[in-house]
Every structure is written in structure tokens, then in C-alpha cells.
Amino acid sequence: MEKQQMVLADEQIEKVLRSYSVYYDIERMDETKAPLVATADYHEHETGYMLIRKAEMWSADKHEYVFIYSVPELTAELFETCMAQAKELGEAKVDPVAGHMSSNVVAVFFCQNAQPEAVEALKKYRFRKSFQFSLKGWMEIHTAVVDTGKEFVASNAPGKNTAEFLKKALYPSIKRKKRIPIIGRRFK
């Protein structure tokens, strides 16, 4: 049973990596880096200019660094250990230069069983760092967990978009509530 759950987690990791590979640079880790199985890096450069491209008015760089972990059981201690590693590796990749706007460090955990204490710690996790009073951008950490045994996805508040992406990539047949914009609602 546990071997079957491990194969399911590996299949789901492959699905997520295929989804990320469209826009992200994927790097798979070897066994020595376990429980870290893969990283994905995304870089975006935006510019605004007037009439011609040489008359650049502004530019902004956005980055996202995803760290994917695979563990049989996610405990609160293991969560803290992996988050410390993701924070350290993510901070090493951030380069707050003049055009830097934001960098998101995302830690995604795949497990067969997530302990309730670990899920609570994940939901409460917050980290945000400004560089020179946000003049050179900021860094924020997003976290998400995919419990393959219970088939659920949870995240902290900044990682809400990551959780939605994971739900769509892994469980596309589940119907979700569509958000109705406030402007278009009719009140009775």
C-alpha cells in the first residue's frame, strides 16, 4: 500500500513538473539532496517605454523559485527543517538590484500523510523581506502541501495561487466554485 502511495506521489510530482516546464526552468535533484526532488525557476522582465524602445521609462524584474519536496509523512519538525532549507536556498538566488521588483520562494510538499500540526504550521507560516525599504523590491515565501493519501491541497495565505494551480494540475475533474464579481451581482 505504501509503495502504491509513493508511486502516486511520484506521478503527481511529474504532472506538476510538466505543468511548470512550460514557463519554468526545471532542475531535478539527485538522491543526495532528498527530500528535495526538484527546483523550478521563473524569470520575467517588464519594461515601459515612450514611443521608441530606447526611451525606456521603467523596468521591473519578477522571479519565482519553486522547491519541490517529497516525504512519506509531513511532520511539523520536518516542515520547519525543509522551510529553513528553502528559505536559505531562495535567499541565495535573490539578487536585489535596481530593477528587481519581487521574488517569490515557493515550497511545495508532496506527502502520503500530513500531520494536522504540520498543516497548521504551514498555514501560519509567513516570511516577507524588503530590500532597501522596498526600493529594490521584496521577497516573499509561499508554501503548499499536497496530501496524496487524503487528496487535498493546503497553503498559507500568500500561497493561495500556488494551491489553486496545484488543484487544477492534479485534480482537474473536481468542480470548483466560480467567483462572481461583485459588480455583476444582483441583490434582492
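**Figure 1. Overview of the protein chain.** Four helices and seven strands make up the protein chain. Helices (H or I, at least four residues) and strands (E, at least two) are DSSP runs, numbered from the N terminus. This is a predicted model, in which local features need pLDDT of at least 70, side-chain atom pairs count only at pLDDT 80 or more, and totals for chains, interfaces and linings use all residues. Residues are numbered from 1 along each chain as its sequence is written, and side-chain values use heavy atoms, with hydrogens and water left out. Along the sequence, the pattern reads α-β-β-β-α-β-α-β-β-β-α. The protein chain has 188 residues, and 40% of them are buried. Buried means under 20% relative accessible area, exposed means over 50%, and partly exposed lies in between (1.4 Å probe, protein chains only). Among contacts with a separation of 6 or more, 63% join residues 24 or more positions apart. Contact means heavy atoms within 4.5 Å. Accessible areas come from the Shrake-Rupley method with a 1.4 Å probe; for residues, only the protein chains shown count as cover.

**Figure 2. Helix α2 against helix α3.** Two packed helices are described by the angle between their axes and the distance between the axes. Here the axes of α2 (residues 76-93) and α3 (residues 116-124) come within 8 Å and cross at roughly 35 degrees. Axes are lines fitted to C-alpha atoms, for helices over the stretch in contact, and angles run from 0 to 180 degrees between N-to-C directions. From α2, the residues in contact are Ala76, Phe79 and Glu80; from α3, they are Glu117, Ala118, Ala121 and Leu122. Sorted by class, this contact has five nonpolar residues, two charged and no polar. Ala, Val, Leu, Ile, Met, Phe, Trp, Tyr, Cys and Pro count as nonpolar, Asp, Glu, Lys and Arg as charged, and the others, Gly among them, as polar.

**Figure 3. A nonpolar surface patch.** Met50, Leu51, Ile52, Met57 and Trp58 form a nonpolar patch of about 620 Å². Patches are made of residues with over 30% relative accessible area and no salt bridge; like charges are joined within 9 Å, nonpolar side chains (Val, Leu, Ile, Met, Phe, Trp, Tyr) within 5 Å. Met57 belongs to strand β3 (residues 56-74). Met57 counts as exposed because its relative accessibility is 55%.

**Figure 4. Salt bridges.** The whole structure holds seven salt bridges. Each is a side-chain nitrogen of Lys or Arg within 4 Å of a carboxyl oxygen of Asp or Glu. One of them pairs Arg128 with Glu140, with the closest N and O atoms 3.4 Å apart. Arg128 sits in β5 (residues 128-130) and Glu140 in β6 (residues 138-147), so the pair ties together parts twelve residues apart in sequence. Glu140 is buried, at 19% relative accessibility. Lys150 and Asp147 form another salt bridge, at 3.9 Å from N to O. Asp147 is buried, with 0% relative accessibility.

Figure 5. Lys167 and Glu164 join through their side chains at 3.9 Å, N to O. Both lie in α4 (residues 160-170), three residues apart, about one turn of the helix. Lys167 is partly exposed at 26% relative accessible area. Glu164 is also partly exposed, at 24%.

**Figure 6. Gln112 and Val71.** Gln112 lies in strand β4 (residues 100-114). Gln112 is buried, with 11% relative accessible area. Gln112 and Val71 are 41 residues apart in sequence, yet their C-alpha atoms are 7.5 Å apart in space.
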